[in-house]
Amino acid sequence: MIKQIKAYRQKIKITIDWKSKLIDFFIVILGISLAFQLNSWNESRKDKQRLSNYLESFRLETQENVENLQRVLNAVRSQREVADTIKVLIASKRFMDPRLGSTSPEMTSFIAYQPLATTIENIKESGDFDLIKNYTLRKQLVDTYESMEGTEITERATEEYIRNFISPYFFNKVRYSTNYPIDPEDFITDHRFENIAIAYSNLMTNQIIRYEGVLEKLQDLEKSLDSIE
């Protein structure tokens, strides 16, 4: 009986091919490692593609923001010129100049910059902002978009002044069908007219300064995005 058991054990030792088992084991390990590496490479490739898409979206959006802001800035400069012209005419006592009546109602129009911020909102919402490893670019993006949002402060002050003071004043003083003062003599001698023009010019100046600062940031961001290969 004992001899039979020993023979059986010896048969098992002979039957099991440990070398093959070891090779199979290493093949499994290698396959798992390759699978992990392939998955990691695939995820890295997807991250790079998403980052590339975001950067391209930022670039196009920045270009549009620059163009829109330049148009708004030119319009605000024109509005300030209207107020400055009125100030000069009143200061030089050229009360019969037709521009006093014809250009004054232009100050009742409100101009505001409406920046696009879709890309920054999407990348933050998705949690992909960390894909941008360049710290300088990340900070530049945040600073630029925050500066665009900050234009609302000066715009709100201008809008409230137009709504509460300028529009009611000209509504009572100017006939809009002809853009001519209802009572020219009272219109040109009323000190409030001059005060309105001065205050409006100052508000426009504040907006222009704000816009110029934002425009500079946008143009710098545009250069940074264009330089990325």
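This is a predicted model: local features need pLDDT of at least 70, side-chain atom pairs count only at pLDDT 80 or more; totals for chains, interfaces and linings use all residues.
Reader: How many helices and strands are in the protein chain?
Author: Eight helices and two strands. Helices (H or I, at least four residues) and strands (E, at least two) are DSSP runs, numbered from the N terminus.

Reader: In what order do the elements run?
Author: From the N terminus on, α-α-α-α-α-α-β-β-α-α.

Reader: What share of the residues counts as buried?
Author: 32% of the 229 residues in the protein chain. Buried means under 20% relative accessible area, exposed over 50%, partly exposed in between (1.4 Å probe, protein chains only).

Reader: And what part of the contacts comes from residues 24 or more positions apart?
Author: In the protein chain, 80% of the contacts with a separation of 6 or more. Contact means heavy atoms within 4.5 Å.

Reader: Cavities next. How many of 30 Å³ or more?
Author: One. On a 1 Å grid over the protein atoms alone, a cavity is a set of points where a 1.4 Å probe fits but cannot get out; lining residues have an atom within 4 Å of a point.

Reader: How much space lies in the largest cavity?
Author: About 40 Å³. Grid points are joined across faces, edges and corners, and the volume is the space filled by probe spheres set on the points.

Reader: Which residues line the largest cavity?
Author: V76, Q79, S109, F110, I111, T158, I162, Y200, M204 and Q207. The elements giving two or more residues to that lining are α2 (18-91), α6 (151-173) and α8 (191-226). The largest share, three residues, comes from α8.

Reader: What is the lining like by class?
Author: Six nonpolar, four polar and no charged residues. Ala, Val, Leu, Ile, Met, Phe, Trp, Tyr, Cys and Pro count as nonpolar, Asp, Glu, Lys and Arg as charged, and the others, Gly among them, as polar.

Reader: Switching to α4. Which of its residues are buried?
Author: T119, I120 and I123, in a helix that covers residues 118-125. They span an arc of only 95° around the axis, so they sit on the same side of α4. The arc is that of the directions from the helix axis to the C-beta atoms.

Reader: What does the face turned away carry?
Author: The exposed residues E121 and E125. Just after α4, G127 takes a positive phi of about 80°.

Reader: How many salt bridges in the whole structure?
Author: A search finds 10. A salt bridge is a side-chain nitrogen of Lys or Arg within 4 Å of a carboxyl oxygen of Asp or Glu.

Reader: What does D128 pair with?
Author: R50, at 3.4 Å, N to O. D128 lies in the loop between α4 and α5 (135-149) and R50 in helix α2, so the pair ties together parts that are 78 residues apart in sequence.

Reader: Is D128 buried or exposed?
Author: D128 counts as buried, at 12% relative accessibility. R50 is partly exposed, at 31%.

Reader: Which residues join D190 and R192 in a network?
Author: The D190 and R192 side chains meet at 2.8 Å, N to O. Salt bridges that share partners join K173, D186, D190 and R192 into one network.

Conventions
Residues are numbered from 1 along each chain as its sequence is written. Side-chain values use heavy atoms; hydrogens and water are left out. On a 1 Å grid over the protein atoms alone, a cavity is a set of points where a 1.4 Å probe fits but cannot get out, and a pocket is an open set with protein on both sides within 12 Å along at least five of seven lines; lining residues have an atom within 4 Å of a point.
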